[in-house]
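Subject: Structure handover

Hello,

Here is the structure I promised you. Please open it beside this email and follow along. My notes come after it.

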Amino acid sequence: MITNKQLADLIFPNIAETIDDLEKRYPPRNLPAGAEVTRFAPSPTGFLHTGSLFTSMICRKVATQSNGVFYIRLEDTDTKREIAGSGEQLLDQLHIFDVNPDEGYLGNAEKGQYGPYIQSKRASIYCVVIKHLLEEGKAYPCFCSAQDLEALRNEQERQKLNPGYYGEFAKCRNLTNDEKYEKIKNGEKFVIRFRSSGNHENKIKVSDLVRGDFEIAENDQDIVIYKSDGLPTYHFAHVVDDHFMRTTTVIRGEEWVASLPIHVELFAALGWQAPHYAHLPVIMKVDEETGNKRKLSKRKDREAAVSYFIEDGYLPKALIMYLMTIANSNFEEWILNNNFEGMENFIFSFKKMSLDGALFDMGKFNFFARELLAKFNKNEITELALDYAKKYNDKLYQTIKNNQKYFSDIMNIDREKANPRKDYEKFSNILDIIGYFYEDGYNAALEAGLPFNEKFSKEDLVSALSAIKEKLSIDQDEQSWFNNLKEIGTALNFAANNKEYKANPELFKGNIGDLAEILRITLTGRKNAPNLYSVMVVLGIEESHKRIDRVISLLKN
RNA sequence: GGCGAAUUGGAGAAGUGGCUUAACUCACAUGCCUUUCACGCAUGCAUUCACGGGUUCGAAUCCCGUAUUCGUCACCA
């Protein structure tokens with residue numbers, strides 16, 4: 001009769017190491033009391049998802065504030081879905097958001113004593129543990145084909161039973177060792193399943209850092225732990241890796257709470273202490289078609305991919321701040337009180353987390369983005385714009401480079417003061433906002449037609465503009481400049497005082513606001529623009545006169 | 001369908017039996033300031049906490065039921 005040991009040796013002839021060897025190789029970490037070891041464990045299947053950034057940001061925060069360790073592990077056991085190069089890209093993007101690991105997979109290298117940190121390179125480690133389980137009779141090879149499994153499922157559905165490979169339905173569980181040995185010798189394909197001793201009728205208590213304690217049915221599924229390609233499944237790899245990498249706190253999305261019983265049973269079967277778990281709510285969005293909430297989808301929502309924020313020229317910090325307001329609602333008040341600075345001093349708490357998924361609010365996110373951009377001085381924001389434009393926006397890059405001082409003068413309007421303007425939330429649309437400062441933007445405005453108030457005749461406009469051109473100087477401070485404009489207006493019968501005008505509008509051609517509007521439209525092509533005096537100063541007197549002349553000649557035609 | 005979770009204004013939410021006539025923030029609206037916009041300031045925006053029942057002198061807060069939404073039930077993670 002074939003023993004468990006003989007079967008295990010047949011399956012893993014080259015595995016000589018034991019679990020004890022692994023325990024020695026990966027000893028418990030020497031960390032101060034209370035230090036938490038967290039990890040972000042992405043699959044290299046595409047771009048960094050906003051939800052993943054959310055999770056990894058929290059992992060980083062929890063480790064930092066407890067003097068612990070945050071590491072990254074690449075979960076590349078699904079070879080079919082793997083996208084080449086995406087692991088490196090994930091790391092690059094995390095770095096952009098300043099979420100940097102202390103150890104682990106670093107893209108092109110590895111750092112730390114608990115590696116390898118790429119699961120496909122840990123195959124022999126999993127085999128050691130599986131061999132042990134095999135010897136103990138807690139795991140067994142299963143020879144069922146995909147068709148067998150499908151037939152099983154159909155039958156269970158017909159009988160309205162729970163689907164899956166468990167109890168009496170776990171056929172291969174009852175094969176004798178001799179039978180299994182024979183099949184393997186014959187080269188039959190197999191996977192290895194964990195032999196569950198759980199009962200679905202039993203409830204177990206589980207504990208979660210954000211959700212508190214709750215009850216859930218015990219696992220009774222003989223789940224696959226070792227796939228026919230020789231790699232472990234997620235459930236098994238998670239248990240083995242987080243044990244030997246000495247993770248204290250597993251922070252992951254809430255889609256994992258349903259498989260918690262599996263993980264709990266696996267840890268128990270191996271005699272290991274399970275880590276603490278924190279299952280995070282998912283960031284949602286209202287689906288336009290169904291009207292229901294759904295997870296942010298990379299296919300449907302551009303804000304689901306972190307690359308969108310980078311390519312659109314948002315400040316990475318703005319996203320991080322916004323995500324932190326979702327993570328801990330008290331953060332918002334905190335950061336407002338701290339003038340949007342020093343968020344590294346904020347203490348994150350799982351207990352302050354909401355349990356249902358928040359809707360991604362573009363409006364609120366833009367609020368943070370605008371506040372943050374308003375804090376930079378003209379040189380800083382020019383550099384930032386240049387950095388962005390260099391990589392993602394050639395037109396903007398050429399525009400700035402062509403005359404960098406001019407651009408920073410534009411940026412400087414109403415900027416370096418206590419309550420600066422908050423016009424910009426990102427760099428991608430900055431030319432849409434300030435385009436009229438440039439030749440082609442101004443030309444486009446002229447072509448589109450100038451929105452002058454219809455109560456003024458062309459003659460009124462021409463005479464007003466002529467007088468302004470002749471008499472309005474910008475070689476003076478703003479107050480004098482405005483007085484200057486008022487005098488010009490008075491001569492043309494524009495009321496200098498708004499209250500006087502409102503009392504007897506019929507006595508005047510218009511008020512000073514009307515005159516300012518005529519000039520504003522002439523210089524910028526639009527009714528809304530920043531402070532007129534600043535605009536004129538930035539444009540310069542020569543360009544201002546040129547624009548006045550162009551509009552006068554347009555009006556005369 | 002089974003199992004788990006959630007449900008407070010347009011959005012994020014505070015709130016754990018009486019200090020709540022439901023905080024704070026974004027958004028929106030109005031007014032003031034004002035050469036427009038913005039900034040700033042002020043005001044307004046849930047008579048009510050998914051719904052129904054119960055416990056209690058008293059409930060958004062406790063209990064029961066219903067509904068809805070989310071998650072999950074792979075040799076994917």
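**The surface near the RNA**

The surface near RNA strand B is made up of 25 nonpolar, 18 polar and 24 charged residues. Here Ala, Val, Leu, Ile, Met, Phe, Trp, Tyr, Cys and Pro count as nonpolar, Asp, Glu, Lys and Arg as charged, and the others, Gly among them, as polar. In total, 67 residues surround RNA strand B. The closest are Glu-75, Asp-78, Ser-354, Asp-356 and Asn-419. "Near" is when a residue's C-beta atom, placed from the backbone, lies within 6 Å of the molecule or strand.

This is a predicted model: local features need pLDDT of at least 70, side-chain atom pairs count only at pLDDT 80 or more, and totals for chains, interfaces and linings use all residues. Residues are numbered from 1 along each chain as its sequence is written, while chains are lettered from A and ligands numbered from 1 in the order in which they are written.

**The cores**

The largest nonpolar core has 69 residues. Such a core is a set of buried Ala, Val, Leu, Ile, Met, Phe, Trp, Tyr and Cys residues joined through C-beta atoms within 7 Å. Buried is 20 or more other C-beta atoms within 10 Å of a residue's own, exposed is 12 or fewer, and partly exposed is in between; C-beta atoms are placed from the backbone. Ile-58, Ala-318, Leu-319, Leu-323 and Ala-385 touch the most other members. Helix H11 (residues 316–327) gives the most to this core: eight residues. Helices (H or I, at least four residues) and strands (E, at least two) are DSSP runs, numbered from the N terminus.

**The sheet**

Four strands form an open, mixed sheet, in the order E1-E2-E3-E4. Two strands pair if DSSP finds at least two bridges between them. Which strands stand at the edges? They are E1 (37–40) and E4 (110–111). Each has a single partner strand, so one side of each is left without a neighbour in the sheet. Strand E3 (residues 103–105) runs antiparallel to E4, joined by two bridges. Tyr-105 stands opposite Glu-110 in E4.

**Backbone details**

Gly-115 and Pro-116 are joined by a cis peptide bond, with omega about 0 degrees. Pro-116 is in the loop between E4 and helix H5 (123–135). Asp-98 is not glycine, yet its phi is positive, near 65 degrees. Is Asp-98 buried or exposed? Asp-98 is exposed, with 12 other C-beta atoms within 10 Å. Asp-414 also has a positive phi, near 55 degrees. Asp-414 is partly exposed, with 14 C-beta neighbours inside 10 Å.

Best wishes
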